[in-house]
Structures are given as C-alpha cells and as structure tokens.
Amino acid sequence: MGYIATEVCGLPVYTYGLLLLGVLLVGMVAAWVNLRLHHQAFAPVVDMLLWGLPLAAIFGHAGYVLSHFDEYAGNLLGVLCIWQGGLSFYGAIFGGLLAVFGVCRVQGRHTWRWLDLLVPAFVLMLALYEFGIFDLQLTMGMPLPRDLPNDHTLVEYAEFAYRPDGFQDTEYFQPIALYQSGLQLVVAVLLTVLTAVQALWHRPRQSGCLFLFGASLIAFIRFGCGFFYLSNAPVPAFTLGQVLSGGLGLVLLGWLLVRCRSVSCAQEWRV
C-alpha cells in the first residue's frame, strides 16, 4: 500500500491519515456501545474528543521527536512543525488520557470510572492501528532468511521500497506489528467481557481496576514484542522502549494490586 491513497482537487490524501481517521471512528463507536451498556451519556466523550485531538497531536509529535531525535538534531525548530508529520500513536494516547482527566475534573465526573468505560475502546484502537502499521509496512521486525521452508511460516514480506537501509536484499521480516495487533485485540475482547461483567454483577467494585489491568497488559505486550524489533537485532539488551514499557507495566500492576487491596481492607473493616 502506498503512502498516498488518492488525491482530492490536486491535494494528496495520505494513507496514514486515513488509518488514523478510521481508527478514531471505530474507537468512538466502541465507546458509544460500552456507554450504552452502562447507561451513560455519550456527550462527555465529544468534549473529550474536542480537547483530545489537539493534545494527541502535540504529545504524539513529542513522542515521535523523542524516539527520532537524530532527525531533528540539525534543525531544532523543525520540532515545532507538527504539520510536517511525525506522530507517535502511544504519545497520542497519552494526550487523549489527559483530555479524559481534564474533562472529568471540570465536569465533576469520576475519572477512574470513565477510564474503565473507555479502556476497551482505547485498546481496540491500538490493535487496529498496529494492524494498519503492518499493512503499511512502517515497522519491521528482525530479518529472516530468504530460503524459508514452505511451511506457512508467519512472516512479513517487505516490498523493496519499504525495506530498511542495509536490508535491501532481505525479503522477509518478523511481522512485529501483526504480533502486537493480535495480542492487543485479545486484550480488547477480554476488557469488553470484563466491562459487561462489571455492568451486570458490579465486579470488580473498585473503579479503575479495569483500566489499570488493561494498560499493564498493553505495556507488557510492548515490552515482550520489543525483543523482535529490527533495532534489537545487533544489541542483546533492553531498548529504551522496553525499559519504559516494562517499568510502566510494573507500576500499573502494583497500582492495581494496591487498589484491589484497598477494597478488601474496606470490606473487612465494615464486617
């Protein structure tokens, strides 16, 4: 798939932009369905979206700059040129979470409760985004030999124009984005089931547990898949992305245990 999908009145329509638009629309539909299940209004999500889009653009670009700082070392002013592209989807998610927090604080809504309601949609958006990245061949895993046996091995064939520098003769790579997409989709389904359980039987009772559980799983998936990234091939050590995602996963998991423990202690105290 090419970088430019089509043209409208002479202006290019980028495939990556269409991917982001499609992911956003699916996420909004998923959020609407879950809010209907919990008898909640959708209007706050519109407010979160209005604040979240600019925040996602800012923090998404900041995340891209931090991970590709060598591209801006000779032109620091280029960091401010958000319109020229460069977006980290995980940074964009962080900007979206800030919008959720801000809207909940201003409108007097329970932040943890709304994070629980929205986390299945967030994870579904991540899964669809990673699948789009796989389809666009924007992220490559470790290279594989050309003489692979014809045993239906799960690999990613990269067209010559998309092969990384130094690997123009390599045809097959680990489908790292597809790995992450599949695992994230499993997490999204699991969270959807858990939100239904919460709506019907009020378990877990402590709000925020679903969000912390889902976010920790996503962080650990990113950590595990980091071993298959192309940049990890020559260096048998943790990358910065793995350190950050692994550390974040441990923090979120510990936070989850603390919140669950606080509910247990409160119930014992009432008894």
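1. In this note, contact means that heavy atoms lie within 4.5 Å. The model is a predicted one, in which local features need pLDDT of at least 70 and side-chain atom pairs count only at pLDDT 80 or more, while totals for chains, interfaces and linings use all residues. Residues are numbered from 1 along each chain as its sequence is written, and side-chain values use heavy atoms, with hydrogens and water left out.

2. Val-123, leaving aside neighbours within four places in sequence, is in contact with Gln-184, Val-187, Ala-188, Leu-191 and Ile-218.

3. A nonpolar core is a set of buried Ala, Val, Leu, Ile, Met, Phe, Trp, Tyr and Cys residues joined through side-chain atoms within 4.5 Å; buried denotes under 20% relative accessible area, exposed over 50%, and partly exposed in between (1.4 Å probe, protein chains only). The largest such core has 41 residues, of which Met-48, Val-100, Trp-114, Leu-118 and Val-123 touch the most other members. Two or more residues each come from helices H1 (15-37), H2 (43-67), H3 (89-107), H4 (111-136), H5 (176-201), H6 (209-225) and H7 (240-270). H4 supplies the largest share, 16 residues. Helices (H or I, at least four residues) and strands (E, at least two) are DSSP runs, numbered from the N terminus.

4. Another core, of five residues, lies apart from this one, and its members include Met-140, Ala-158, Phe-173 and Leu-230.

5. His-39, a residue other than glycine, has a positive phi, near 60°. His-39 is placed in the loop between H1 and H2 and is exposed, at 74% relative accessible area.

6. Gln-137, also not a glycine, has a positive phi of about 60°. Gln-137 sits in the loop between H4 and strand E3 (143-144) and counts as buried, at 12% relative accessibility.
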